[in-house]
Amino acid sequence: MFWDLLVLVFYFVIVFYFGFHFAKNNQKEEDFYLAKKEIHWIFLLLSLVATETSSLTFLSIPSLSFKGDYRFLEIALGYLIGRTIVAFYLLPSYFSGNTISVYEYVGNRFGKSPQKTLSLVFTISRLLGDGIRLYVSSLPIAFLLERMGLNLSPEILGMVALTTLSIVTIIYSVVGGFRAIVFTDVLQWVIYIFGGIFALGLLINKLEIPLGEGISILKTTQKFNLFVFDYLPSGDNSYFILFALIGGAFISIGSHGTDLMLVQRVIATKNLASGQKILIGSGIVVLLQFILFLWIGSLLYLFYSGQTMAPDKVFSRFIVEEVPSPLLGILVAAILASAMSTLSSTINSLSLTWARDWGMDQWFSPRTLSLFFGLTLFVSSFIPYFLIQTWEKGILEVGLTIFSYTLGPSIAVFFLAKLKAELPVSGLVFSAFFLTSILSTVAIGLGFQISFTLLIPIGFGIQIFLVQISRLTLKKN
């Protein structure tokens, strides 16, 4: 246990070093939020991948292949399609002006009301969604710390883990700004990829059967199935090939084309060509990353053959029971790293949108705004600990699915801005359409149990429908 904790302390020291090392480079707003667009696109690519990879991804992707097969890769292929569309359709517009926040682009086309509405929805989504993600991330970390020998209740350990990673992340985010966040992201990506590769190698070494024989078993049990061509009229069709590709593409268009936190890494590069490399390259890296962790799930299926256990806890159990010290500390650091990269990016992007889209930079410095949103996100992640069980389940579901409800209407707004179409209504009414589309998507998703891969296209369609109906109605009048 001592060596594992020493590894964690050493990891936190390195993170602090990055924060204070880059503090001197944050004299102006563009320095703090975009690092003067001086960072090489490869580092921004890896930062983007680290930001979109949470500790939930690290621990839960193996569970998909452990209990099922490789059909999740259909959605990952959709991600690649979506990023390519963003790279060649939306991205040129972001580089054509002098915008720092992508919501400024909407504001230049449709006015301040839609710009601020998008910013507000982004803020609520991030505070709720990432706050809940941090809470959920603390649970397996608490489990690992408990198994490392810390004799405290899981709730207390979860709060300790949450508090520690939040304090460290807030400090280096506030002090070092975007430059520190990017290079810390790269470090964190290297750590958890190393952790994944090490876990894969350890699994291969610990298998009681030759790897070739294990692969034959996986083939025989259809654990390598990838594409789903059968549509089930009364079943879950989330992974039906057409829905998966379309849904994955829409998810990626929304997240990497309209979500400030991820787009920020793309427009922080020096030119359009580099931004396109970041988007498409990150899609390829994410696909390979998913393959790595799905492979881990397949080998866990062989390793625990004949044993009954919860799929979502199988990788955590393997890490705790089979990984020797101090390598256990490295893997726990990898899980912390994946959580911290998302937290730091959320803090910086929330600070950015309120500085630029709401004009708060006139009254508050970037560091003050970052500190405020870091503390707000920290508080939001503690809310589930104090809810009764029924409410906790409800808020968890909302937090983890909220982006499915907001991304579709957001994509529609940006595509309308790209088309340079004149709005048939005022900016305020257009904002009302946007909020109505989100609420309608929530109602449809909850009322009809729609596949998550279709929620974003549905939200997109509702927003376009409202604008077109208003255009036709006003023409008749």
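This is a predicted model: local features need pLDDT of at least 70, side-chain atom pairs count only at pLDDT 80 or more; totals for chains, interfaces and linings use all residues.
Next, select helix α15, residues 366-382, whose 17 residues reach 25 Å from the first C-alpha to the last, close to the 24 Å expected at 1.5 Å a residue. Colour its buried residues, among them L369, F373 and L377. An α-helix has 3.6 residues a turn, so residues three or four places apart point the same way.

Now turn to the aromatic rings, where the count comes to 26 aromatic pairs. Select Y70 and F224, which form an edge-to-face pair, 5.6 Å centre to centre and with 80° between the planes. This pair links distant parts of the chain, 154 residues apart, with Y70 in the loop between α4 and α5 and F224 in the loop between α9 and α10. Y70 counts as buried because its relative accessibility is 7%, whereas F224, with a relative accessible area of 25%, is partly exposed.

Move on to F303 and F318, another edge-to-face pair, with 5.5 Å centre to centre and 85° between the planes; F303 belongs to helix α12 and F318 to helix α13. F318 is buried, with a relative accessible area of 0%, while F303, at 22% relative accessibility, counts as partly exposed.

Finally, select K223 and Y301, where the charged end of K223 sits over the ring of Y301, 4.2 Å from its centre, and then K418, which lies over the face of Y89 at 5.4 Å from the ring centre.

Notes:
Residues are numbered from 1 along each chain as its sequence is written. Side-chain values use heavy atoms; hydrogens and water are left out. Helices (H or I, at least four residues) and strands (E, at least two) are DSSP runs, numbered from the N terminus. The expected span of a helix is 1.5 Å times one less than its number of residues. Buried means under 20% relative accessible area, exposed over 50%, partly exposed in between (1.4 Å probe, protein chains only). Rings of Phe, Tyr and Trp (its six-membered ring) pair if their centres lie within 6.5 Å; planes under 30 degrees apart count as stacked, over 60 as edge-to-face and the rest as tilted. A charge sits over a ring if NZ of Lys or CZ of Arg is within 6 Å of the ring centre and within 35 degrees of the ring normal.
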